[in-house]
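Hi,

Here is the structure I promised to pass on. Have a look at it first, and then read my notes below on its charged side chains.

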Amino acid sequence: MKSIIVGTAGHIDHGKTALVKALTGIDADRLEEEKRRGITIDLGFAHMELPASDGETLRLGFVDVPGHERFVRNMLAGVGGIDLVLLVIAADEAIMPQTREHFDILQLLGVQHGITVLTKSDTVDAETLGVVRLEVEEFLRGTFLDPARTENPPLIVAVSSLTGAGLDDLKRAIVAAAVRVQPRDSRTPARLPIDRVFTMKGFGTVVTGTLVSGAIHREDELEVFPGGRRVRVRGIQVHGKAADAALAGRRTALNLAGVATEDLSRGMTLAPPSLFETTRRLDVKLRLLRSAPRALKDRARVHFHSFTMETVAGVVLHEFEEGGSGLAARIERNPRLQERNSVPIPTKAAHGELSPGYEAFARLKLVQPTLLVPGDRFIIRQFSPVVTIGGGVVLDAAPIPRMAGLPRFLETLPTGNAQAILTARVARRQQAGISMARLVSETGWTPSRIEMELAGPLKSGDVVRAGGRLLHSPALQLLKSRILSGAEDFHKRNPLVGGISKEELRAQVDADPEVFEAVVAMLAKERKIEVAADLVRLPGQGVVMKDEEAESKNRIEDAFATAGFQVPTLQEVLRGLKVDRLRAQKIVTLLLREKALVKVSDDLVFHRTVLEQLRQRMVAYKTKSPTIDVAAFKELTGVTRKYAIPLLEYLDRERITRRVGNAREIL
Ligand SMILES: Nc1nc2c(ncn2[C@@H]2O[C@H](COP(=O)(O)OP(=O)(O)OP(=O)(O)O)[C@@H](O)[C@H]2O)c(=O)[nH]1
Ligand SMILES: [Mg+2]
């Protein structure tokens, strides 16, 4: 059974709610105030089923919107998830201001299907109806509702909700148009922008919305964005009937456990837990309506609407200086966006502002964090007085501050080429790479789709896996060469040392630990470096020692190994060697790096085996007493106070003991 969401649009009092009632039998004006004043204030909902031409059933969910200019923000909250619009124009009034404003919004949101309904046909004679029809055809020319696009079914239908005339024609037109509606993808991660929150007796908290993507099942855990609260789905209703699951493109009501109505509101979004992050920064393609009263200045503040949310946003127009062309060249008229009346438009936008009728890349800084993914549409309204001035599409909801190559990146995103988009998203992370989880949250795509689209770039080597991250090949090459030259420099500076410690090298090339480990392993496999314990060296670049140096090294190590706790001072050991002082010092550094010797304090060095003995003695001592004081420690080791204190402090640092007053607790 196919399911689609039908929205109404049009000027106040043109008969939207009456039409929905004539079609479905449901009065979508549910508020007492709406009934009293005879106008729609907030969104209303209804549903019906129609037999489709292939014998299947077509299920329609209706979102009825208010036409009053003061309630356009409510209209915006309802129109975000619709598949098909009924543009309602009363035959006795024809095109009015909110006919235009709603229609602008529909085009900016990229709504692709709809029927224009001339209502109140009973109030005018045939001749007037003909004139209105001509006027409307002119208004729609070149747009997605242009009646010339198809005559069968007709895209303009005249009806009377009072007499019922034309309603059957309209139903046929809806069924025919519904065939062309592309079903929404239920395999993508679920997102439900909330449009209503209320308490139902015996149920508790209920939210409703149009499920714009994915699927939600009973007992699913969901996360509330923004805020991060976790909720459980206790029950589901789809189009007014209990169901086990809701699929994308359906009017959905969820009975939620774990949350009170006060904690939820219109504009929040429900999605699977831990998948997405909210954002306050968006890179977008922004279009200013030709009807906008004035150019949009860089840094202007606007009202921002997307799905059911609204907030205030600051607009920063991206000024790309690439090739010296500046902003003006980046802003060009988009021929695919048809607008009514082809009035000549200025050919060049001024620097630092966006002229009516033009498009530009921009960064939006939102006052409230929100969950949006690339491809989501939005509307902007002038800050004051509030009128709709433009809108656009989200390109990136995770912008990187001061990113190099931003123009090229933003130009790749709207192409729809998934491989190129993913490669660009990997590439912009440079040597840090990006995890699969982040790619999912940045794109809103499923891991399996991302894996599939990345198969090509992974095979060609354009994208490479490294320690749970994905790296772009040039970034990987750069990191590799930085690691190699880091090691090379080290050898030059320290000819007597066996290699650079991994941690030192990692800090030097400023790499993520996981990525660094993986890339070092790659280089080792390629035999470009050698890794021994935690030292990295170039092949054949180990320590080159002359005979007397090697002999000195052995003598030093022996001296410490045999001394036990009665270690000699460094000075004493170095004095008796054949090599000069500087080289002797380097040999000691080497022994420290190899961890044969361990520095306990500035002038106190012990052999590794001695400290291991000490550790064992402490373990044995613990069976006798849980604590040890300095006197007992001196007795246990036979060292003087001069050695005892640094040794105990060393044990504290190693977390073998912990100082408690004058004694130590053995851990
Ligand atoms: N004669 C006649 N009256 C109609 C018809 N459709 C609606 N009306 C009347 O027009 C008035 C407005 O109708 P609504 O359906 O409330 O208009 P609306 O477009 O929903 O108005 P808002 O939601 O406030 O924008 C009501 O008094 C209706 O009874 C029609 O086909 N013929
Ligand atoms: Mg109404």
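The structure holds 43 salt bridges. Keep in mind that this is a predicted model.

Start with Asp83 and Arg184, whose closest N and O atoms are 3.0 Å apart. These two link distant parts of the chain, being 101 residues apart. Asp83 is in the loop between α3 (72-79) and β4 (84-90), while Arg184 is in the loop between α6 (167-179) and β7 (192-200). Buried or exposed, what is Asp83? Its relative accessibility is 9%, and buried means under 20%, so Asp83 counts as buried. Arg184 has a relative accessible area of 27%, which makes this residue partly exposed.

Next, look for Arg191 and Asp376, which form a salt bridge with 2.8 Å between the closest N and O atoms. Arg191 sits in the loop between α6 and β7, and Asp376 in the loop between β21 (359-370) and β22 (377-382), so this pair ties together parts that are 185 residues apart in sequence. Both Arg191 and Asp376 are buried.

Now for a pair in strands. Lys285 and Glu359 meet through their side chains in a salt bridge, at 3.9 Å from N to O. With 26% relative accessibility, Lys285 counts as partly exposed, whereas Glu359, at 10%, counts as buried.

Which residues are linked in a network of them? They are Asp396, Arg425, Arg428, Arg429 and Glu442.

Last, something other than salt bridges. On the surface, Asp13, Asp92, Glu93 and Asp122 gather in a patch of negative charge. Of these, take Asp122 as your example: you'll find this residue in the loop between β5 (113-119) and α5 (126-140). Asp122 counts as partly exposed because its relative accessibility is 37%, and partly exposed covers the range between the buried cut-off of 20% and the exposed one of 50%.

Happy browsing, and send me any questions you have!

Cheers

Methods
Residues are numbered from 1 along each chain as its sequence is written. Chains are lettered from A and ligands numbered from 1 in the order in which they are written. This is a predicted model: local features need pLDDT of at least 70, side-chain atom pairs count only at pLDDT 80 or more; totals for chains, interfaces and linings use all residues. Side-chain values use heavy atoms; hydrogens and water are left out. Patches are made of residues with over 30% relative accessible area and no salt bridge: like charges are joined within 9 Å, nonpolar side chains (Val, Leu, Ile, Met, Phe, Trp, Tyr) within 5 Å. Accessible areas come from the Shrake-Rupley method with a 1.4 Å probe; for residues, only the protein chains shown count as cover. A salt bridge is a side-chain nitrogen of Lys or Arg within 4 Å of a carboxyl oxygen of Asp or Glu. Lys and Arg count as positive and Asp and Glu as negative; His and the chain ends are not counted. The place of a charge is taken as NZ of Lys, CZ of Arg, CG of Asp or CD of Glu. Helices (H or I, at least four residues) and strands (E, at least two) are DSSP runs, numbered from the N terminus. Buried means under 20% relative accessible area, exposed over 50%, partly exposed in between (1.4 Å probe, protein chains only).
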